[in-house]
Amino acid sequence: MRKQEKEKLVVVALGQLYLENKEIIEEHFHVVALADNNGLKLQNRNDGFKYIKVDQVGEETFDKVLVCTESQYSSLRVQLLEQGIRPEKICSLQLLEHIRWEKDYGKYVADREMYRQLHQSLGMDKFGFREDNQCIMLSDYRKPAGKADDHYFYQDILTASKIIGKRPACHVDVGSRIDGFISHLLAAGIRTTVIDIRPLPVWNMGFGIPELEFVQADATDLNGIGDNSIASLSSLHAVEHFGLGRYGDEVNPLACFAAMRSLQRVLAEEGTLYLSVPVGREEMLMFNGHRIFSPVTVVQIMDEIRLLELYVIHAGKILAYSGEDVEKGKYAGDLGGYDCGIFIFTKDRTEKPE
């Protein structure tokens, strides 16, 4: 009898989850193509696989399409359906969980039996096994001790450490991550005002966060905040989303630039602005997720304040450049397709006429 042929598979989304599952995918499927919307992930590949854009998936011959992402699954599924691909052929990462199930369940049964035997041999009264009290967790042993997004994890610690070191009387933030960067500031006792277009239901819970003030508003123009009024200001991984409608804001191609100029306007003289956005070798719009900027663009827009430092999070490393280094373009050879750039600006004091 001929050995059963592997199913033909197109993999969509070539990010971290694809890399984590690459081995099992290649073991159990015949991969006919790898697809992504980010053209940079499709370039200069010499590994024998066929690389295509997502809107070309419908041209391939396959049994299944595996969408190898959780956060963008819905949007990519829509993109595939619009090509006429049948819904039953589009699979989530749950497809791989089904493949692993037999091994995982076998381990669970073996562990359960070992626990029963050891519990009995020890003569314990507490925490005996009962059939009606099971909480079956099959896959946690395969997962790492913790999972951190390279951009946010390093960015939040680096930037919060700098602000905490300065001990400002208060800090104002526009749109940054609450459960990382902002929580670091609050734990250090930094009184922080957060401005975001979306509601924050937990901000008034009390315990542990009396230093947090929340303002729900569109921060594109920072209306109601005076010029030169904020001494410590931040916006981390937020401005790149402005004007794309993703978070309920109005669609406006110029919104990201308006937001940058507003941050520049409200920054106090001798104050510090911490701004991060995606940076890369090539500027591009990944609608409606984000934009990728050239560092030159950011510095040119922020033309009334001075760049002190630029940190680039690239391939798990933090690269540091002075403002002078950036002016000379010394960062250029270090940029990938999608890195995190953390810009630290100050506004010089204006000499007032006597």
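**Exercise 1. Is Asp196 buried or exposed, at what relative accessibility?**

Before the solution, a note on the model. This is a predicted model, in which local features need pLDDT of at least 70 and side-chain atom pairs count only at pLDDT 80 or more, while totals for chains, interfaces and linings use all residues. Residues are numbered from 1 along each chain as its sequence is written, and side-chain values use heavy atoms, with hydrogens and water left out.

Solution. Start with the cut-offs: buried means under 20% relative accessible area, exposed means over 50%, and partly exposed lies in between, with a 1.4 Å probe and protein chains only. Asp196 has 11% relative accessibility and therefore counts as buried. Next, look at the partner: the side chain of Asp196 meets that of Arg198 in a salt bridge, at 3.3 Å from N to O, where a salt bridge is a side-chain nitrogen of Lys or Arg within 4 Å of a carboxyl oxygen of Asp or Glu. Arg198, with a relative accessible area of 38%, is partly exposed.

**Exercise 2. Work out which parts of the chain are linked by the salt bridges of Glu60 and of Asp348.**

Solution. By the rule given above, the count comes to 22 salt bridges. One of them pairs Glu60 with Lys50, the closest N and O atoms being 2.8 Å apart. This pair links distant parts of the chain, with Glu60 in the loop between strand S3 (51-53) and S4 and Lys50 in the loop between strand S2 (29-36) and S3, ten residues apart; helices (H or I, at least four residues) and strands (E, at least two) are DSSP runs, numbered from the N terminus. Glu60 is buried at a relative accessible area of 16%, whereas Lys50 is partly exposed at 43%.

The second pair is Asp348 and Arg306, whose closest N and O atoms are 2.9 Å apart. Here the link runs from the segment after strand S15 (339-346), which holds Asp348, to strand S13 (residues 306-314), which holds Arg306, and the two residues are 42 residues apart. Asp348 is partly exposed, with a relative accessible area of 41%, and Arg306 counts as partly exposed at 41%. Elsewhere, salt bridges that share partners join Glu97, Arg100, Asp104 and Arg142 into one network.

**Exercise 3. Identify the buried residues of helix H2 and explain why they lie on the same side.**

Solution. Helix H2 spans residues 73-81, and its buried residues are Tyr73, Leu76 and Leu80. They cover an arc of only 70 degrees around the axis, which puts them on the same side of H2; the arc is that of the directions from the helix axis to the C-beta atoms.

**Exercise 4. Locate the backbone exceptions at His237, Leu222 and Asn288.**

Solution. As a general rule, most residues other than glycine have a negative phi, and most peptide bonds are trans. His237 has a positive phi near 50 degrees, lies in the loop between S9 and helix H6 (255-266), and counts as buried at 4% relative accessibility. Leu222 has a positive phi of about 50 degrees although it is not a glycine; its place is the loop between strand S8 (212-216) and strand S9 (230-236), and at 4% relative accessibility Leu222 counts as buried. Finally, the peptide bond from Phe287 to Asn288 is cis, with omega near -5 degrees, and Asn288 is found in the loop between strand S11 (284-286) and strand S12 (290-292).
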